[in-house]
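Hello,

Here is the structure I promised to pass on to you. Have a look at it first, and then read my notes below.

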Amino acid sequence: MSGAVDDGAAAAAAAAAAAAGAAGAAGAGGAGAAGLDARVLVVMGVSGSGKSTVAAMVAEQVGWEFAEGDAMHPPANVDKMHAGTPLTDEDRWPWLDVVAAWIRGHLDAGTNGVVTCSALKRSYRDVLRAPGVVFVHVAGDGALIEQRMSQRSGHFMPTSLLKSQLATLEPPQPDEAHVTIAADRTPEAESAEVVERLGLVTIPRA
């Protein structure tokens, strides 16, 4: 009898440990990195997080097509941001539709791709979401990102808009296909983490 009890207790403990491990994996990888079907990556985050650099490096490592979402903004949006005026939802919807069309085109053609897009709100990500789309959230401390923004040149997004972006940001939730990486290391380390966690195949270098 005691053996049966011991066996039952051991089984319960094993089940609890497995559940804890699964919860930990989900927290570390968003929706469970190992099981994600990644055909198009949307590298997201606030301006200055380093998402463009990370996205470009991942695309180069795996040989996927890369697109810069900021380049898809209409001139009116660029003018507003350059002037330090935060975009409204009405400003963003047409832009998100363009990014979504890029994503759908690649999915329909069976072509892998990596595109950057701030995708700050869940409702914005809903426009982009589709089977095979995985969001890569490059997340960092506000002070660190502000420092990075102050050091870069040639970008239309002023540092003054960072606070509004951080206030708007709704990080991806466990039911969204995503991974989150910390923006406090080198782009090389961050891009390598994306490749490893999503199980992507890199192109051998000559």
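Trp93 has 31% relative accessibility, so it counts as partly exposed (between the two limits: under 20% relative accessible area is buried and over 50% is exposed, with a 1.4 Å probe and protein chains only). This is a predicted model, in which local features need pLDDT of at least 70, side-chain atom pairs count only at pLDDT 80 or more, and totals for chains, interfaces and linings use all residues. Residues are numbered from 1 along each chain as its sequence is written, and side-chain values use heavy atoms, leaving out hydrogens and water.

How many aromatic pairs does a search of the whole structure find? There is one (ring centres of Phe, Tyr or Trp, for Trp the six-membered ring, within 6.5 Å; planes under 30 degrees apart are stacked, over 60 edge-to-face, the rest tilted). Trp93 and Tyr124 form this edge-to-face pair, with 5.5 Å centre to centre and 85° between the planes. The partners sit 31 residues apart, Trp93 in helix α4 and Tyr124 in helix α5 (helices are DSSP runs of H or I with at least four residues, strands runs of E with at least two, numbered from the N terminus). Tyr124 counts as buried because its relative accessibility is 1%.

Now to another helix. Ser191 lies in helix α8 (residues 187-198) and is buried, because its relative accessibility is 0%. Beyond its neighbours within four places in sequence, Ser191 is in contact with Val54, Met57, Val58 and Gln61 (contact means heavy atoms within 4.5 Å).

Enjoy exploring!
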